[in-house]
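Dear colleague,

Please read them with the coordinates open.

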Amino acid sequence: MLKTFDYQKIPIVDVVNEILVDASKRGASDIHFDPYEEYLLVRIRIDGELVDYTEVPNTVRDYLVTRIKTISRMNITESRLPQDGAIKATLQDIDLDLRVSSLPVSTGEKIVIRILDYSMSLAGIEELGFSESNYKKILEMINVPNGIILVTGATGSGKSTTVYSILQYLNRSTTNIITVEDPIEMDIAGINQVQANSKIGLTFATALRSILRQDPNIIMIGEIRDTETAKIAVRASITGHLVLSTIHTNNSLNTIERLIDMDVQKYLLASALEGVVSQKLARKLCPHCKVKRQTSEYEKTIFKTVLNQEVNEIWTAEGCEECHDGYKGRIAIHEVLLINQEIRDALSNNVSKEKLRELVYRSDVTTMLQDGFEKVIQGLTTFEEILKLIELEDDERHGGNSDLKEAIAETKEALAAKEQIEIQEDKNETTGQREHHVIDNLEIENLDI
């Protein structure tokens, strides 16, 4: 049900404040002000989905937009060009840190406000939903003295949260950490943060060249956007620096391919790349109302294929007053690749994409599909949410889906690798038992003599 305001009695300043505070209390990540011919529609994004919040009549629309642009320090006389701004304020004892963007559209000016929430970054890496094996791999890769670590995913998938959590872990008095970001989303004491500004020529690449002369131990690049930045970042990691950055790719294999497409020499990439953390966000089941249900035959088949497990019951969303359609909050689904020597050799030797895929997913990697379904079994999210993450539009029952098939192919590679390891361990154990048996017999024979 839409919220209503009495614009005759409530000042527009109080209306804007109420929208900002209420959206923050509801756990929204963004507030959208969409102009229509008849009114201005306000929507808030909760757990990744936009929900209608209120309708602002045209009689006060311009006043509301002007108020937002004023407090975010935008030019209120300019409505033909996009603008960016920020709001930092304390309203009703709530500290708000907001990023504001305006965009001229055919029906007026669209405003989007992003509500920055640092609680997850401040909580630490262990609170980001990594499985035990992935968490160990994260600690191993961030404790190397030099190399490049990439956090990948789509816009809004929590990459910045993961990167800031890693920086918090690495932030010590004995290290010099310098970041170059656009924009700086979170101020961290003890870290030197540079705001990129392309208008004056301060790009990521330009800033990186200067940073290398500042004797850094750790460098964080907000995003690798172009070939020049990618090359400098890789070279910086080879020359004794630990480099953290983000890039817009779907998984580990795509990340390696994207860097190669950016003309990063394969021999440099083989030396520099330490690990890739890929992630997506799934809606989290509400702990107050989630219920168990029986799995269908199709779901059993998928679980058997992906996890090699018989799963007869899973949790599903029910819905209550505490949540939104049975979901409350979001949880990250991860794929963590720790680069091993075999993958480094393959990159140096210019192997084919198929061979590289085999090596990546036959290493000790849990695919995103596996990690997601493990969280389904744990009752953290639903089967439907995981399939939505891999964009399941027409699954195998309707002619096959390339995303699902690709994810399952990667998973099969990982499962086959683990099976080979187990077989080899069994062989080694059997060989060891035989050797002990032979030694025991020799000792007995010696005693008889």
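Two strands are taken to pair if DSSP finds at least two bridges between them. In this predicted model, strand β10 (residues 218-221) and strand β11 (residues 242-247) pair in the parallel sense, over four bridges, and Ile218 stands opposite Leu242 in β11.

Both strands belong to an open sheet of seven strands, whose order is β9-β8-β10-β11-β7-β12-β15 and whose pairing is mixed. At the edges stand β9 (192-195) and β15 (327-338), each of which has a single partner strand, so one side of each is left without a neighbour in the sheet. Neighbouring strands of this sheet are turned against each other by 20 degrees on average, direction ignored.

Helix α8 (residues 252-261) lies across β7 (147-152), β11, β12 (273-285) and β15, and runs at about 135 degrees to β12.

Turning to a helix pair, α10 (residues 297-307) and α13 (residues 368-377) pack at an angle of about 125 degrees, with their axes 10 Å apart, which makes α10 oblique to α13. The crossing of these two helices, α10 and α13, is left-handed. On the α10 side the contact involves Ile302, Phe303, Val306 and Leu307, which meet Leu369, Gln370, Phe373, Glu374, Val376 and Ile377 in α13; the residues of this contact divide into eight nonpolar, one polar and one charged.

Definitions and conventions. Residues numbered from 1 in each chain as written. Predicted model: local features only at pLDDT ≥ 70, side-chain atom pairs only at ≥ 80, totals over all residues. Heavy atoms only, no water. Axes fitted to C-alpha atoms, helices over the stretch in contact; angles between N-to-C directions. Parallel < 35°, antiparallel > 145°, perpendicular 65-115°, else oblique. Left-handed = near helix turned anticlockwise from the far one by under 90°. Contact = heavy atoms within 4.5 Å. Nonpolar A, V, L, I, M, F, W, Y, C, P; charged D, E, K, R; others polar.
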